[in-house]
Amino acid sequence: MIILLLALIIMLAIYTLTSKDLLHGVIAMSAVSLICALLFTILQAPDVAITEAAVGAGVSTVIFVWALRHSKRRDDEGE
Amino acid sequence: MKENSKRSRYWSRFTTVIAIVAMAVVLLPIFLNDTSWPIEARDYLAHSGTEESGAINLVSAIYLGYRVFDTFGETIVLLVAVLGTMGMLSRVESLVDTSLEEEHTIGSVSGFSLTNEKRRSHALRTHLLEVVTGKIGPIVLLFGFYVMLYGHVSPGGGFQGGVIIASGIVFLALGNPQEGSSGISNPELLVRLESAAFLTLILVFFSGLLIGNGFFGNPLAHTQIPVGYIVILNAVIGMKVGTSLGFMCIAMMGGGS
């Protein structure tokens, strides 16, 4: 179970780095935080799990989306 | 041109490999060493931590009792981070406004924004968002207060509850688009609450001096309710974290100024 979740975290992290759309990357990163929170719960650290869920999946996602909204779409390789 | 891009791709792969090797060099000794964990502090806490601090949740007993200096540092770090964000935000807003004039931004990535934010289009701001956040906001706020005030019994505490309270404040701000319809998302009130909470925090830290337990000392240590100190600290830290993060998010969504 834990190995499965860790593999999922690595896959999502690679997707975050390689995805073209930055919004998809942000959502994948928030999913990484959520799975981390699940892992902390399995490892019996509920305090850390609450922090990870609230800060990683909540506030930091909001801040990233806010920063994304003030950026423009541009594709360098199309030229 | 093509050669150039190919070379840069190889270079980026090379730097990735170097980064992974450097991480391995730093982390492998930690994974591979077989030094036994220190057990003295663990045994002491497991044996007498609950009686000494009165908290059932030993994690909050540690970070608000035995290691309260770290918590004080964390609070200051958060204060400085919010201050820096607000300082940067006041400059970023002016840059953003000029760039918005050049180009239509309809269909940009997100739907959440407050009504007085300077945007071309509120196309993605639907009534669904307002209805759901307005209804769910008070419940989230209540849950945040629960996590904050029961930090000594159940998992949670000031920081976690504070972040949930901040989410509740942002939800209320999003769900009540008319100005002033929900008093708690008023930025001026949030700033005042934050300052008052930080002042109270420092006063609580000094309160041990009056009894003779020193700075950070628990003034209720030898009474029937030593846990009162942890409850008060949780409440004050939760108010500080919640109001400062809520204020920051509201300011980022254009509610501040």
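Me: This is a predicted model. Where in chain B is confidence lowest, and where is it highest?

Reply: Confidence is read per helix here, as a mean pLDDT. In chain B, helix α4 (residues 68-102) is lowest, with a mean of 77. Helix α8(B) is highest, at 88. The average over chain B is a pLDDT of 79. A score of at least 70 is reached by 81% of the residues.

Me: Over which residues of chain B does pLDDT stay under 50?

Reply: Residues 98-112 of chain B form one such stretch. The model has 25 contacts for them beyond four places in sequence. Residues 118-122 of chain B also stay under 50. For that stretch the model has 12 contacts beyond four places in sequence.

Me: What does the model score for ipTM and pTM?

Reply: The ipTM is 0.80 and the pTM is 0.78.

Me: How many helices and strands does chain B have?

Reply: Chain B has 8 helices and 0 strands. Along the sequence the pattern reads α-α-α-α-α-α-α-α. Now take contacts in chain B with a separation of 6 or more. Residues 24 or more positions apart account for 65% of them. Of the 257 residues in chain B, 30% are buried.

Me: Where does α5(B) bend?

Reply: The bend is at B:Gly137, by about 35 degrees. A proline, B:Pro138, follows within four residues. B:Gly137 is also among the buried residues of α5(B).

Me: What covers the buried residues of α5(B)?

Reply: The cover includes α6 (158-175) and α8 (227-252) of chain B. It also includes α3 of chain A.

Me: Which residues touch the most other members of the largest nonpolar core?

Reply: That core has 48 residues. The residues touching the most other members are B:Val163, B:Ala166, B:Val170, B:Ile230, B:Val236, B:Cys249 and B:Ile250. Two or more core residues come from each of α3 of chain A and α3 (58-66), α5, α6, α7 (187-211) and α8 of chain B. The largest share, 17 residues, is from α8(B). For one set of contacts, take B:Cys249. Leaving out residues up to four places away in sequence, B:Cys249 touches A:Val62, B:Ala166 and B:Val170.

Me: How many residues of chain A are in contact with chain B?

Reply: There are 15, in contact with 18 residues of chain B. On the chain A side, the largest share is 13 residues, from helix α3 (residues 46-69) of chain A. By class, that side has 10 nonpolar, 3 polar and 2 charged residues.

Me: What is the phi of A:Gln44 near?

Reply: Look for a positive phi in a residue other than glycine. A:Gln44 has one, near 60 degrees. A:Gln44 sits in the loop between α2 (22-42) and α3 of chain A.

Me: Why is A:Gln44 classed as exposed?

Reply: Count the neighbours. A:Gln44 has 8 other C-beta atoms within 10 Å, and 12 or fewer counts as exposed.

Me: Is A:Leu34 buried, exposed or partly exposed?

Reply: A:Leu34 is partly exposed, with 18 other C-beta atoms within 10 Å. A:Leu34 lies in helix α2 of chain A. Not counting residues up to four places away in sequence, A:Leu34 touches A:Ala53 and A:Ala57. A:Leu34 and A:Leu8 are 26 residues apart in sequence and 11 Å apart in space, C-alpha to C-alpha.

Notes. Residues are numbered from 1 along each chain as its sequence is written. Chains are lettered from A and ligands numbered from 1 in the order in which they are written. This is a predicted model: local features need pLDDT of at least 70, side-chain atom pairs count only at pLDDT 80 or more; totals for chains, interfaces and linings use all residues. Two residues are in contact if their C-beta atoms, placed from the backbone, lie within 7 Å. Ala, Val, Leu, Ile, Met, Phe, Trp, Tyr, Cys and Pro count as nonpolar, Asp, Glu, Lys and Arg as charged, and the others, Gly among them, as polar. A residue is buried if 20 or more other C-beta atoms lie within 10 Å of its own, exposed if 12 or fewer, and partly exposed in between; C-beta atoms are placed from the backbone. The bend at a residue is the angle between axes fitted to the seven residues ending there and the seven starting there. pLDDT is the predictor's confidence in each residue, from 0 to 100. A nonpolar core is a set of buried Ala, Val, Leu, Ile, Met, Phe, Trp, Tyr and Cys residues joined through C-beta atoms within 7 Å.
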